[in-house]
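I opened this entry to keep track of what I looked up, in the order I looked it up.

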Amino acid sequence: MNFGFVLPLGDARFAADCAKEAENSGWNGFFVWEPVWGVDAWVSLTAAASVTRTIRLGTMLTPLPVLSPWKLASETASLDNYSGGRLILSVGLGAVDTGFMNFGLPTDRKERAERLDEGLEILTGLWEGQPFQFEGKHYHLQPTDFQVPPAPLQRPRIPIWVVGAWPNEKSMRRALQFDGLLPNFIGRSGKVEMGHPEPDVLKEMADYVRLHTNGKPYDIIMEGETDPDKLETLEIVRIYARHGVTWWMEAMWSAENEEEVLERVKAGPPCL
């Protein structure tokens, strides 16, 4: 299992400080969340890349349906090259309560799902180079030869992790086309259930992923919070590891200040 740390707060300078400490403390990845308005994720990750050498860098996550996919293609390809091929991109529909309505961005779930599908096709198409054109419901692109950027360093592409709603077949099929699954678990009410899933639900989902990926390398990513001083908080991580989860994301969304965030980074990943 790999261990990533998700930065819950702070500016680009703090992101660089935390990324450096994370690399020194044994974390495998350092991630930031991408807001529609706030501290820019790509500035923060570039700052992090400048002071690290080996740790993976990425977003948790990027709301692709409300962003320009060609701008994201430029940012990701540029940073993948700059970092020496260390980037991971996580995408999903995004959370509408993070400012979507304030800026007139799409909030309808069906429209955002359509934009996610088209955005992923555009993103990967542009990474492959020119000529590339696309005709969809929401986007219309023609080939360009104006200062085309270098392709990403990683091949066949920058790894893409996609949110998938289990057991929604269409949502899972989308995620399984790419390189990793960020699972949401839908309860009987039809809504996303908060907290950790029951082991039998997790096993059913993991078995489905293994069946439909035909043995190819594929990541399953779960997040939560552990306390190095409370060994009982590690049990959920052990359960995930036994069921084939490949990345644990330490997510301190309740953190109130930079001091406690940096302290947790320095303590290192969960020790199983």
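I worked on a predicted model, in which local features need pLDDT of at least 70 and side-chain atom pairs count only at pLDDT 80 or more, while totals for chains, interfaces and linings use all residues. I numbered residues from 1 along each chain as its sequence is written, and side-chain values use heavy atoms, with hydrogens and water left out.

**Overall shape**

I counted eight helices and ten strands in the protein, taking helices (H or I, at least four residues) and strands (E, at least two) as DSSP runs numbered from the N terminus. The radius of gyration is 18 Å, close to the 19 Å that the globule rule gives for 272 residues, so the protein is as compact as a globular protein of that length. That radius is taken over C-alpha atoms, and the rule is 2.2 Å times the number of residues to the power 0.38. Along the principal axes, the C-alpha atoms fill a box of roughly 55 × 45 × 40 Å.

I found that buried residues make up 49% of the 272; buried means under 20% relative accessible area, exposed over 50%, and partly exposed in between (1.4 Å probe, protein chains only). Of the contacts (heavy atoms within 4.5 Å) with a separation of 6 or more, 70% come from residues 24 or more positions apart.

**Pockets**

I used a 1 Å grid over the protein atoms alone: a pocket is an open set of points where a 1.4 Å probe fits, with protein on both sides within 12 Å along at least five of seven lines, and lining residues have an atom within 4 Å of a point. Volume is the space filled by probe spheres set on the points, with grid points joined across faces, edges and corners.

The largest pocket holds about 1,600 Å³ of space. I noted 45 lining residues, with L61, V163, P183, N184 and V192 closest to the centre. Two or more lining residues come from each of α4 (109-127), β7 (160-166), α5 (169-176), β8 (180-185) and β9 (219-224). Helix α4 gives the largest share, six residues. By class, the lining has 23 nonpolar, eleven polar and eleven charged residues; Ala, Val, Leu, Ile, Met, Phe, Trp, Tyr, Cys and Pro count as nonpolar, Asp, Glu, Lys and Arg as charged, and the others, Gly among them, as polar.

The second largest pocket has about 300 Å³. Its lining has 19 residues, and S74, L126, Q130, T144 and P149 lie nearest its centre. I saw α3 (69-82) and α4 each giving two or more lining residues, with the largest share, five, from α3.

**Salt bridges**

I counted eleven salt bridges, each a side-chain nitrogen of Lys or Arg within 4 Å of a carboxyl oxygen of Asp or Glu.

K110 and E114 pair at 2.7 Å, N to O. They are four residues apart in helix α4, about one helical turn, and K110 is exposed at 55%. A network of salt bridges links K110, E114 and K137.

R115 and E111 pair at 3.0 Å, also four residues apart in α4. R115 is buried at 18%, whereas E111 is partly exposed at 24%.

D179 and R157 also meet in a salt bridge (3.0 Å, N to O). D179 lies in the loop between α5 and β8 and R157 in the loop between β6 (140-141) and β7, so the pair ties together parts 22 residues apart in sequence.
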